[in-house]
Amino acid sequence: MVGTGATLYEIDEGRGFEVSAAMLGANFAGCLIYNEWKSYNKFKQATHQQCVAHILRRTRDLRDMASRAGVLFPHAIILLFQVTLASCDDYVARHATCPELRECAELLDDSLQALVETPHSNPEHTRFAKHLRNHPSEWFTFLRHVNVDATNSRAEQANRLAVVNRKVWGQARESELTLKPY
C-alpha cells in the first residue's frame, strides 16, 4: 500500500479483505486504486478506482485473441479508455476545470454502459462486459477527483523491490526444502 508519505508492505498468508482491513480498518473511507482484486470491493465506505492500465491490458488481450468482427467490442473499449486518459492529459495541459472533467466522466460512464449492455456472442466478451458493468463508478474516479491516479503504478513501483526479494528468497527456500529431503 502506498500513501502520500509512506509505503506499507506486509507479507501475510492470505490476500483477502481481512488482511487489508487489519491494516486500513474495515471502515476505511479513503481512495483505493487497485487492479480488479475482489476483496477491495468490501470496503464500502471507500472511493474506488480500478486500474486503467490493467483493464487496457486485459482488453488488448481480448482484442488480440479475436478475429473478424470479434475485435470490435474490445477495440471500442480501448478507444473509450484512451479518450479517458486523453481527457486527463488535457486537464493537465490546459487546466480544464474540475466540472468539465466530471462532465466528461459522466459522458464516458454513459458510453461505457452502452458498450457493455450490447449482447456479445463471444463468452469472454460477455464475461468481460459483466465485470465492467459490475463496477460502474470505479473506472473514471480519477476524472471526478483530480488527486486520484488512473492506475496503481505508484504502488506497484514502490513495492517492486520487496516483491522481487520475497519471490527470490522464497523460491530459494522452497528449492532447498524440496531438493534435499532427509
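Two residues are in contact when heavy atoms of one lie within 4.5 Å of heavy atoms of the other. The model on display is predicted, and the tour below applies that criterion at several stops.

**The whole chain**

Along the principal axes, the C-alpha atoms occupy a box of roughly 65 × 45 × 30 Å. Of the 182 residues, 31% are buried. Considering contacts between residues at least 6 apart in sequence, 59% join residues at least 24 apart.

**Helix 1 and Leu24**

Select Leu24, which belongs to helix 1. Leu24 has a relative accessible area of 26% and is therefore classed as partly exposed. Show the side chains around it: apart from residues up to four places away in sequence, Leu24 touches Met1, Leu32 and Phe43.

**Two residues with positive phi**

Select next Glu36, in the loop between strand 1 and strand 2 (47–50). Phi of Glu36 is near 70°, a positive value in a residue other than glycine.

Then proceed to Arg68, in the loop that lies between helix 2 (52–65) and helix 3 (72–94). Here phi is near 50°, again positive in a residue that is not glycine. Is Arg68 buried or exposed? Its relative accessibility is 79%, so Arg68 counts as exposed.

**Helix 4 against helix 5**

Select residues 98–117, which form helix 4, together with residues 123–134, which form helix 5. The two helices pack at an angle of about 145°, and their axes are 9 Å apart. Their crossing is left-handed. Display side chains at the contact: from helix 4, Leu112, Gln113, Val116 and Glu117 meet Ala129, Leu132 and Arg133 of helix 5. By class, this contact has four nonpolar, one polar and two charged residues.

**Asn152**

Move on to Asn152, located in the loop between helix 6 (141–144) and helix 7 (153–179). The relative accessibility of Asn152 is 9%, below the 20% limit, and Asn152 therefore counts as buried. Which residues is Asn152 in contact with, leaving aside neighbours within four places in sequence? They are Ile33, Tyr34, Asn35, Cys51 and His54.

**The largest pocket**

Finally, display the pocket surface. The largest pocket has a volume of about 1400 Å³. Its lining consists of 39 residues, of which Met1, Val2, Tyr40, Ala155 and Asn159 are the closest to the pocket centre. Colour the contributing elements next: helix 1 (17–24), strand 1 (31–34) and helix 7 each give two or more residues to the lining. Helix 7 gives the most, with eight residues. Colouring the lining by class shows 20 nonpolar, eleven polar and eight charged residues.

Technical notes: Residues are numbered from 1 along each chain as its sequence is written. This is a predicted model: local features need pLDDT of at least 70, side-chain atom pairs count only at pLDDT 80 or more; totals for chains, interfaces and linings use all residues. Side-chain values use heavy atoms; hydrogens and water are left out. Helices (H or I, at least four residues) and strands (E, at least two) are DSSP runs, numbered from the N terminus. Buried means under 20% relative accessible area, exposed over 50%, partly exposed in between (1.4 Å probe, protein chains only). On a 1 Å grid over the protein atoms alone, a cavity is a set of points where a 1.4 Å probe fits but cannot get out, and a pocket is an open set with protein on both sides within 12 Å along at least five of seven lines; lining residues have an atom within 4 Å of a point. Grid points are joined across faces, edges and corners, and a volume is the space filled by probe spheres set on the points. Ala, Val, Leu, Ile, Met, Phe, Trp, Tyr, Cys and Pro count as nonpolar, Asp, Glu, Lys and Arg as charged, and the others, Gly among them, as polar. Axes are lines fitted to C-alpha atoms, for helices over the stretch in contact, and angles run from 0 to 180 degrees between N-to-C directions. A crossing is left-handed if the near helix is turned anticlockwise from the far one by less than a right angle, and right-handed if clockwise.
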